[in-house]
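Please consult the sequence and structure shown here while reading.

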Amino acid sequence: MQKVIVTGGTGYIGSHTVVEFQNEGFEVVVVDNLSNSNIEVLDGIERITGKKPVFYKVDVANSAELEKVFAEHSDSIAVIHFAAYKAVGDSVKNPLKYYHNNVEGLINVLSKMIKYAIPNLVFSSSCTVYGQPEVLPVTEQSPVVKPESPYGNTKKINEEIIVDTLASTDFLKAISLRYFNPIGAHPSSEIGELPIGVPDNLLPYITQTAIGLRDELSVFGNDYNTPDGTAIRDYIYVCDLAKAHVVAVKRLLKSKEQYEIFNIGTGKGSSVLEIIQAFERSTGVKLNYKIVARRPGDVEKVWADTSKANKVLGWKAESSLDQTVKSAWEWERKVRER
Ligand code: UFG
């Protein structure tokens, strides 16, 4: 059985990705410091797949702790590196926390991969590296800019660190997946997004408002240059996104390319108001919302050209927006019933 190490494997995207790898017959070793996730996620994974992954409560920024994982699993064929802080606003207030954790985490992972000759890396990057693109949809060739936030900048810097490191070795290969906006939850509602405190992101804010945890959703700005005035993003179902990591590893195993980048989105943009409509339509629940000022740092519109991932990886987003949004609602309801 082929083995992969998944850092950040109890997090939102990480846990869905562990499920997809296990469903495809891989053995998975999860590394997570549980700073933004919960150990019970492993039970959810077990209920879905029938198997609990091997787990290490380890901080990737701690080289000595990480050493043990790699020494014990040096037969792994790939590392999927998610572990990172991801709150945009917090990163503006605490930039060094982000540079320390996110950049040092990757440096440690790459160092161990070199030491133990583990040849393949899938890195979780973000469309934030494109800033506000001049031409839409964005392709992988679109210019990369300095992102608005220190969080986003750690993604850009980490992509550069990967390129420089690959150039210095003859066996390492990597794929960076630039995610657009992941939403939704596994159809079983056994795992999903569990933000700590007040959510920053749109979908958890919507579902928490609908369930009664928040009074109303604030729509940040309706004066953008978009058809309904609200900002546009490319919302991708988290299970579709998770599957992209499995095909990325399979690609690394067979292709000769040392480094590739893929946009992982649906190719379709939706405005904030369209997401609210999709939520009301698919769940039958009416949402309280009001229009407020723009949120500083938000781009106006971004969506992906996914033709490279479609062609080269043979991967395509499959879930409809309504199905995806509904899965987030089903998860929210299940979480609150517990
Ligand atoms: N929004 C609201 N109200 C809210 C929350 C969000 O109107 O309460 C709007 C935002 O203004 C934006 C859209 O909904 O127009 C999506 O916002 P999210 O916070 O869900 O997502 P972002 O596009 O801002 O951020 C995401 C990821 C980040 C990443 C960024 C750019 O969460 O990790 O994309 O890649 F950095």
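## Ligand contacts

A polar side-chain atom of Asn-181 lies 2.9 Å from an oxygen atom of the ligand, a polar contact being a pair of N or O atoms within 3.5 Å. A polar backbone atom of Leu-202 is 2.8 Å from an oxygen atom of the ligand. Taken alone, the ligand exposes 680 Å², and the protein buries 88% of that (Shrake-Rupley method, 1.4 Å probe).

This is a predicted model, in which local features need pLDDT of at least 70 and side-chain atom pairs count only at pLDDT 80 or more, while totals for chains, interfaces and linings use all residues. Residues are numbered from 1 along each chain as its sequence is written, and side-chain values use heavy atoms, without hydrogens or water.

## The shell around the ligand

The ligand is surrounded by 20 residues, each with a heavy atom within 4 Å of it. Among the closest are Ser-218, Arg-233 and Asp-298. Strand E8 (217-220) and helix H7 (202-211) each give two or more residues to this shell (DSSP runs of at least two residues for strands and at least four for helices). E8 gives the most, with four residues.

## The largest cavity

The count comes to one cavity of 30 Å³ or more, a cavity being a set of points on a 1 Å grid over the protein atoms alone where a 1.4 Å probe fits but cannot get out. About 110 Å³ of space lies in the largest cavity, where volume is the space filled by probe spheres set on the points.

Its lining comprises 13 residues, each with an atom within 4 Å of a point. Helix H11 (321-337) supplies the largest share of this lining, five residues.

Definitions and conventions
A polar contact is a pair of N or O atoms within 3.5 Å; within protein, one must be able to donate a hydrogen and the other to accept it, and residues adjacent in sequence count only if both atoms are side-chain atoms. On a 1 Å grid over the protein atoms alone, a cavity is a set of points where a 1.4 Å probe fits but cannot get out, and a pocket is an open set with protein on both sides within 12 Å along at least five of seven lines; lining residues have an atom within 4 Å of a point.
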